[in-house]
Each structure stands twice: as structure tokens, then as C-alpha cells.
Amino acid sequence: MNFELDEQQRDFAASIDAALSAADVPAAVRAWAEGDASPGRKIWFQLGELGVTALMVPERFDGIEAHPVDLVVALERLGRWCVPGPVTESIAVAPVLLAGSAQEADRYPALAAGELIATVAAPPHTPRAVDADTAGLILLAADGQVQDATAGAAHESVDPSRKLFDVNGTGVTHSADTGRAFEFGALGTAAQLIGAAQAMLDMSVDYAKQRSQFGNVIGSYQAIKHKLADVHIAVELARPLVYGAALSLAGRKEEASPDTARDVSAAKVAAGEAALLAARSSLQTHGAIGFTAEHDLSLWLLRVQALRTAWGDPTTHRRRVLEGIS
């Protein structure tokens with residue numbers, strides 16, 4: 001049995017990398033944090049052209065209806081490039097919540113094309129909606145029900161590019177699989193965390209090859225080598241758990257693995273720990289410059305802190321793992 005990504009999935013990841021590498025994503029993230037979403041929306045339009053925003057949309061509504069593994073492939077790359085906006089909420093969660101709604105025929109095609117960006121509040125673990133000021137659709141989901149909502153009071157996040165908003169339900173409620181939507185939310189943020197960890201590791205390796213101290217590049221010191229090797233190992237151990245969780249979520253609800261909650265939570269915990277280790281090691285490798293807002297590393301450092309607690313904090317997911325194995 002071969003657990004490697006196939007050629008089509010690798011090509012898909014490469015196409016995302018090619019598009020985002022030319023898009024100046026750090027500038028878009030900074031603009032998004034300042035309230036200017038236009039550079040970020042251009043990136044979302046590109047994602048729509050690549051099919052990223054259509055991954056979880058049913059085929060009959062111009063979507064791809066892709067396997068969750070394909071979703072992880074894409075969201076890992078978006079985490080790698082620190083794409084602004086409600087990435088997991090719009091691409092992974094909203095399509096699950098819209099299934100069976102009266103508006104699905106109107107909203108799915110726009111969501112698939114990247115023209116409509118959605119955000120979601122799903123208490124108790126996700127009580128506020130991220131980027132509700134820029135999203136074209138706000139959903140409030142709880143206890144098997146979902147409804148349209150409007151943005152309320154704004155709250156600052158540890159990541160300035162991820163503003164949080166209270167939401168107020170306004171529309172008629174309809175039944176939705178809010179439990180499955182939560183699993184996709186946790187899986188999506190785990191994939192983004194893996195991408196962010198890999199990005200910080202790559203930045204640290206490149207910097208270690210350039211920065212000199214005591215007459216030698218710091219990458220030649222064993223302590224630095226071991227520190228970065230530890231991050232590499234953590235990422236490589238967490239990544240299979242994320243893809244394994246995607247396999248648990250494959251198929252219809254009635255076909256899902258009974259271990260889905262355990263698998264998703266294990267992936268979220270491992271991805272969060274790998275990303276946190278990558279953040280700490282990146283700061284130690286870069287030194288004082290890594291603490292400055294002007295250095296791009298700061299964007300990933302803040303994103304990791306926000307994503308670790310999005311769609312369930314580490315304590316919540318550790319508890320679910322314990323319940324799943326007991």
C-alpha cells in the first residue's frame with residue numbers, strides 16, 4: 001500500500017506554490033491587518049482559478065467535491081504562504097454547513113469561484129467569527145443548526161490579520177452537520193499549522209546559512225543543527241497524522257471512521273506542537289530581528305499562535321484523544 005501523494009496532488013501543490021510565490025503574500029497580510037482587503041482578495045481570486053476554493057463544493061454546483069486529502073494538500077500550502085482571510089472557515093467548513101440549505105444553489109457556485117468568502121462562528125469552541133468584516137457570508141452554527149448572521153463587536157486577535165467578531169444570528173435556521181463541520185475546522189487549521197511550521201523551518205535554515213557569529217555561519221554549529229533537526233522531525237511526525245485524519249473524514253457521514261474525533265484531535269495537537277516548536281526555534285535562530293514586525297517571520301509567528309487555539313484549543317483536543325483511546 002502506497003501512502004505517498006500521487007502525481008496529480010503534487011502538481012496541485014506546486015501550482016499553488018507557483019501562484020502564491022509571485023503574489024507578495026506578506027504585503028497582502030499586512031494590508032489585510034490594516035483593513036485593506038483588496039490585495040488579499042486578489043489572492044483569493046487566484047485560489048478560485050486554481051480550484052482551491054471549490055474543493056469541498058459539490059460537483060453539481062460547479063465544485064470539485066474533492067477528497068479530504070486534497071483539501072489538506074491545499075490548506076498546507078496556504079499555511080505555508082500565510083494566506084490572509086478565513087481560509088479554513090470558507091474553504092473547509094462553510095461547504096459542509098451549506099449542504100441542504102435553501103440558498104445552496106445560489107451560494108455554492110460563488111463559494112467555488114472564490115467570489116464569496118465565508119466565515120463561521122461555532123460555539124462553544126469557536127465562539128467568534130474571524131474576518132467577519134470582510135467576509136461576504138457569516139454563518140452561526142451550533143447544536144445541529146446553522147443560520148446567517150451579522151457581525152457584532154470586534155475583538156483584537158493575537159494575529160492582527162485575523163480580527164475576531166461577535167456574531168448575531170439573523171436568518172432562519174436549518175439543519176446542518178455541525179459536528180462534521182467542526183472536524184473539518186480542526187483538520188483545516190492543523191493543515192495550515194503544518195504549512196506554517198514548514199515555512200518557518202525553511203526560513204530558519206536559509207538564515208542559518210547566511211548569519212555569521214564568531215567568524216562562522218551559525219548553521220555550522222551543532223546546537224543550531226540539532227535545534228532545526230528537532231523541528232524537522234516534529235513536522236514529519238505530525239504531517240502523517242493530519243493526512244490520517246483526512247482519511248478518517250473521507251466519505252459520507254455514515255461512512256466516517258468511528259475514530260474520526262480521536263484522529264482529528266491527535267492531528268491538531270501534533271500540528272500545533274510542531275508549529276510552536278518551529279516558532280520558538282525560528283526566533284532563537286534569527287535572534288533579535290525575528291522579534292521585529294518588519295521581518296516577515298513575525299507574520300507566521302502570530303499566525304501560529306492564533307491557529308493553535310482556533311477550532312478547539314490544545315486542552316480540548318487532548319481531552320478528545322484521551323476519550324478516544326480510553
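**Local features of the predicted model**

Glu65 lies in the loop between α3 and α4, helices (H or I, at least four residues) and strands (E, at least two) being DSSP runs numbered from the N terminus. The model is predicted, and for this reason local features need pLDDT of at least 70 and side-chain atom pairs count only at pLDDT 80 or more, while totals for chains, interfaces and linings use all residues. Residues are numbered from 1 along each chain as its sequence is written, and side-chain values use heavy atoms, with hydrogens and water left out.

Phi of Glu65 is positive, near 55 degrees, in a residue other than glycine. Asp62 lies in the loop between α3 and α4 and is likewise a residue other than glycine with a positive phi, near 70 degrees. With 60% relative accessibility, Asp62 counts as exposed (buried, under 20% relative accessible area; exposed, over 50%; partly exposed in between; 1.4 Å probe, protein chains only).

Helix α3 comprises 13 residues (38-50); at 1.5 Å a residue these should span 18 Å, which agrees with the 19 Å between its end C-alpha atoms. The expected span is 1.5 Å times one less than the number of residues. Gly40, Ile43, Trp44, Leu47 and Gly48 are the buried residues of α3. They lie on the same side of α3, because the arc that they cover around the axis is only 150 degrees, taken from the directions from the helix axis to the C-beta atoms. Lys42 and Glu49 are exposed on the other side of α3. The packing partners of the buried residues are α1 (7-21), α2 (25-33), α4 (68-81), α5 (87-98) and α6 (104-113).

The charged end of Arg80 sits over the ring of Trp81, 4.5 Å from the ring centre (the criterion being NZ of Lys or CZ of Arg within 6 Å of the centre and within 35 degrees of the ring normal).

A cis peptide bond, with omega about 10 degrees, joins Pro123 and Pro124. Pro124 belongs to the loop between β1 (118-121) and β2 (129-130). Arg162 is placed in the loop between β4 (145-155) and β5 (164-169) and counts as buried at 7% relative accessibility. Beyond its neighbours within four places in sequence, Arg162 is in contact (heavy atoms within 4.5 Å) with residues including Glu89, Asp131 and Arg303.

Two aromatic pairs are present, defined by ring centres of Phe, Tyr or Trp (its six-membered ring) within 6.5 Å; planes under 30 degrees apart count as stacked, over 60 as edge-to-face and the rest as tilted. Phe182 and Trp311 form a tilted pair, because their planes stand at 55 degrees, with the ring centres 6.2 Å apart. Phe182 is in helix α7 (residues 178-208) and Trp311 in the loop between α10 (297-309) and α11 (314-325), 129 residues apart. Phe182 counts as buried at 12% relative accessibility, as does Trp311 at 1%.

Helix α9 (residues 260-286) is mostly covered, with 19 of its 27 residues buried. Its end C-alpha atoms are 38 Å apart, in agreement with the 39 Å that 27 residues should span at 1.5 Å a residue. Gly287 follows α9 and has a positive phi, near 75 degrees.
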